[in-house]
Amino acid sequence: ELLRQYVKSLGLDVTNDQIKEDIFSQQPFQTNGHFDNARFTSLLSNMGFTPDQYAAALRKSLSTGQLVNGVSNTDFMLPYETQQLVSLLAQNRDIREAVINTDALAVKQTVTDDEINSYYQQHKDSFLAPEQFRVSYIKLDAASLQKTPTQQQVQAWYDSHKSDYTTPQRTRYSVIQVKTEADANAILAQLKQGADFATLAKTKSIDPISARKGGDMGWLEPETLPDELKNAGLTTKGQLSGVIKSSVGFLIARLDDIQPQQVKPLSDVYATVAQSAEQDAAVSDFYKLQQKVSDAASNNNASLAGAESAAGVKAVETPWFTRNSLPADLNFDQVKQVILGGTLLGSNGAPGNNSDIITVDGDRAFVLRISDHKPESTKPLAEVKDQITAAIKHDKALQQARNQANTLVAQLKQGKTTDFDAAGLKFGTTETLQRNSPNAVTETVYELPKPQAGKPSYGIGEDGQGN
């Protein structure tokens, strides 16, 4: 209530158009992305609202929302705060670094067999060999089946597709459209007495489009010719119709011209027809070959030998690959789903069945079988021993470096440099860091206290390699 009163005192208001826009945009009131009034009224009725009650509640909610958004989306800074923020962002730190090299320490570490075995047992999930496949496949390609067609084949294709090269008969009419039959009869009488058709169309016709053109309707093909003109019985150029009753009034029509049907001769389109005939024949042969190979693969399901014979090509065997590294020739979603779906594996992951024909992009097809399979497994210790040894040495070196760094920093804070010098360490040249400097120690540097009385602050940071 306090919010409502405050909103009113501020003069915040919501217009009827804003309420309508909000209602129209609410997904529960939409069907197929558009506002559905029947759905709107039904949902309101179920909630016990009338449309007016809902609009009133929405007006209150939207008004309050204006206040909330106005407050939450508004901020400001005092001049002192702005200066303070700019000063902080513009700060620099002058630093010098001495590096304890973890890799150099790792070389000096020793590792026992017990440590290696313990690490292996604790990190087995890190040494998993992914599931692997080897696949034999036959690839069929429609493009490889294309052959130059004979003249008889081209002629046959042209004859069966002649409509593609035929321009149908077109006719051209002029019309005068009026409201009453009496008006139409009067105009027809004038035309028979020699009056100019175009002039009468411009002055008498109530169809604004054709009237501007003197009644001319342009060229019309059979499918666009109105039934009234089709049934007018006009067959010769210049012939006038009688009065024609139509859904838009009464018409008088004149046949202005006839353009007969035209058929492009085969000689004019031979190259295009030959290409189409070649592609159609290849597609037909492609589907026949698919069926033939599919039948052979099903009848001899223990190998691809039958499918090879039917296809006239030898199967190709891939090298080992994982679920994420399919060979490029097989890297299609349809093929991938079949290989990885589990239906081609026998019991215990052994090679199983031939696949059905797998069609890709309409012009390629595959039939395949999994020729060998390795399930996901933990790599043997012997295979990863060197990797484990290096990891243990690095972990030991990293811990040694951390311990050494902590000891040295504690001594440096006390002004002692004996152990620092004995370790062969040396601070480098001065480097200036800003708050956004891409340096591994930037965050550490900006957390250090400000040096007092010219004495440096010391801290420890690590880079991505653990130095």
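## Salt bridges

In this predicted model, Asp363 and Arg364 form a salt bridge in which the closest N and O atoms lie 3.3 Å apart. Asp363 is partly exposed, with a relative accessible area of 33%. A search of the whole structure finds 13 salt bridges.

Glu317 and Arg134 meet through their side chains in a salt bridge of 4.0 Å, N to O; Glu317 belongs to strand 12 (residues 316–317) and Arg134 to strand 5 (residues 132–141), 183 residues apart. Glu317 counts as partly exposed because its relative accessibility is 44%, and Arg134 is likewise partly exposed, at 23%. Together with Asp372, Arg134 and Glu317 are linked in a network of salt bridges.

In the other pair, Asp257 forms a salt bridge with Lys237, and the closest N and O atoms are 3.0 Å apart. Asp257 lies in strand 10 (residues 249–259), whereas Lys237 is in the loop between helix 12 (227–230) and strand 9 (244–246), 20 residues apart. Asp257 is partly exposed, with a relative accessible area of 24%, while Lys237 is exposed, at 57%.

## The largest pocket

The largest pocket holds about 1000 Å³ of space. Its lining is made up of 39 residues, of which Arg96, Glu97, Ala98, Phe427 and Gly459 are the closest to its centre. Strand 3 (92–95), helix 16 (381–413) and helix 18 (442–447) are the elements that each give two or more residues to this lining.

Helix 16 supplies the largest share of the lining, eight residues. By class, the lining of the largest pocket comprises 22 nonpolar, nine polar and eight charged residues.

## The second largest pocket

The second largest pocket has a volume of about 170 Å³. Of its 13 lining residues, Lys147, Pro149, Gln153, Ala277 and Ala281 are the closest to the centre. Two or more residues of this lining come from each of helix 8 (151–160) and helix 13 (266–299).

The largest share, five residues, is contributed by helix 13. The lining of the second largest pocket divides into seven nonpolar, three polar and three charged residues.

## A nonpolar surface patch

On the surface, Met77, Leu85 and Leu89 form a nonpolar patch, and together they have about 300 Å² of accessible area. Leu85 is placed in helix 5 (residues 79–89). Leu85 counts as partly exposed because its relative accessibility is 40%.

How values were computed. Residues are numbered from 1 along each chain as its sequence is written. This is a predicted model: local features need pLDDT of at least 70, side-chain atom pairs count only at pLDDT 80 or more; totals for chains, interfaces and linings use all residues. Side-chain values use heavy atoms; hydrogens and water are left out. On a 1 Å grid over the protein atoms alone, a cavity is a set of points where a 1.4 Å probe fits but cannot get out, and a pocket is an open set with protein on both sides within 12 Å along at least five of seven lines; lining residues have an atom within 4 Å of a point. Grid points are joined across faces, edges and corners, and a volume is the space filled by probe spheres set on the points. Helices (H or I, at least four residues) and strands (E, at least two) are DSSP runs, numbered from the N terminus. Ala, Val, Leu, Ile, Met, Phe, Trp, Tyr, Cys and Pro count as nonpolar, Asp, Glu, Lys and Arg as charged, and the others, Gly among them, as polar. Patches are made of residues with over 30% relative accessible area and no salt bridge: like charges are joined within 9 Å, nonpolar side chains (Val, Leu, Ile, Met, Phe, Trp, Tyr) within 5 Å. Accessible areas come from the Shrake-Rupley method with a 1.4 Å probe; for residues, only the protein chains shown count as cover. Buried means under 20% relative accessible area, exposed over 50%, partly exposed in between (1.4 Å probe, protein chains only).
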